[in-house]
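Student: Can you walk me through reading a model like this one? I'd like the general idea and then the case at hand.

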Amino acid sequence: MAIRSVATNPRKSPRQARSRATVDALVTAAAQVLVKRGYDGTTTARVAERAGVSVGSLYQYFPNKEALVAALIERHANEIVVVNRRALESPEAATLEGGLRAAIRAGVDSHRIDPVLHKILVEQVPRIGRMAKAMDTSRQITQALEGHLRRHARMLRRGLDPAVAAVVVETALEALTHKAVTERRDLLAGGIVEREAYALIANYLLPPGRHR
């Protein structure tokens, strides 16, 4: 059975403040309907009703539900990048350990933006055809981590390549924080996930005896 190709790009970009507000309202409404009804229960009619606009207005900007979800994935991914970059540019990141702790908290916080929505969007990334965006988000966070590790390279264990280490750290953080926020919320109590993630990453990055 052939897979139907579905357009996921917006029909047009909003240029005026009013049209930008309409698009923002539609994307926000799509998030709310997705959380309430799931992907299969989300329709353009329900999104338009939630946003307080006509279906015709929705179709001026988005050809279908998939395009709405694609726009939502873009927005959510951008929010995650901003949270992580701010953490690694904060005063706490003046030290290697401080930056690692800030990055771990940012990983948890970025998944907490809307955990139910985050899980739905992660599941829909391949279906909507936004793997490139997901990979770009990972790449940007990895680059920020690599920059932090290079600034503190003399503190790392001997022979560790900051570029490789950044990939390992980003992958581990993404997997662990996603699991905690979407499936094991008990790990969020009392900072358990932050503490254990730091122990995992510090033992990997730091020379023996440096982890505290």
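Tutor: Let's start with charges over rings. This is a predicted model, and in it the charged end of R101 sits over the ring of Y198, 3.7 Å from its centre.

Student: Which residue lies over the face of Y39?

Tutor: That's K65, at 4.1 Å from the ring centre. As for aromatic pairs, the count comes to zero.

Student: What span should α9 have?

Tutor: Take 1.5 Å a residue: the 14 residues of α9 (192-205) should span 20 Å, and the end C-alpha atoms are 20 Å apart, so the two agree.

Student: Now the cores. How many residues does the largest nonpolar core have?

Tutor: It has 22, and those with the most contacts inside it include L34, L72 and L121. Two or more residues come from each of α1, α2, α3, α4 and α6, with α1 giving the most, eight.

Student: Why does this core lie between domain 1 and domain 2?

Tutor: Because both domain 1 (17-63) and domain 2 (66-205) give residues to it.

Student: What is L121 in contact with, leaving aside neighbours within four places in sequence?

Tutor: L34, V69, L72, I73 and H76. There's also a second, separate core of 21 residues, with L145, L149, V169 and L206 among them.

How values were computed
Residues are numbered from 1 along each chain as its sequence is written. This is a predicted model: local features need pLDDT of at least 70, side-chain atom pairs count only at pLDDT 80 or more; totals for chains, interfaces and linings use all residues. Side-chain values use heavy atoms; hydrogens and water are left out. A nonpolar core is a set of buried Ala, Val, Leu, Ile, Met, Phe, Trp, Tyr and Cys residues joined through side-chain atoms within 4.5 Å. Buried means under 20% relative accessible area, exposed over 50%, partly exposed in between (1.4 Å probe, protein chains only). Helices (H or I, at least four residues) and strands (E, at least two) are DSSP runs, numbered from the N terminus. Domain bounds come from an automatic or database domain assignment. Contact means heavy atoms within 4.5 Å. Rings of Phe, Tyr and Trp (its six-membered ring) pair if their centres lie within 6.5 Å; planes under 30 degrees apart count as stacked, over 60 as edge-to-face and the rest as tilted. A charge sits over a ring if NZ of Lys or CZ of Arg is within 6 Å of the ring centre and within 35 degrees of the ring normal. The expected span of a helix is 1.5 Å times one less than its number of residues.
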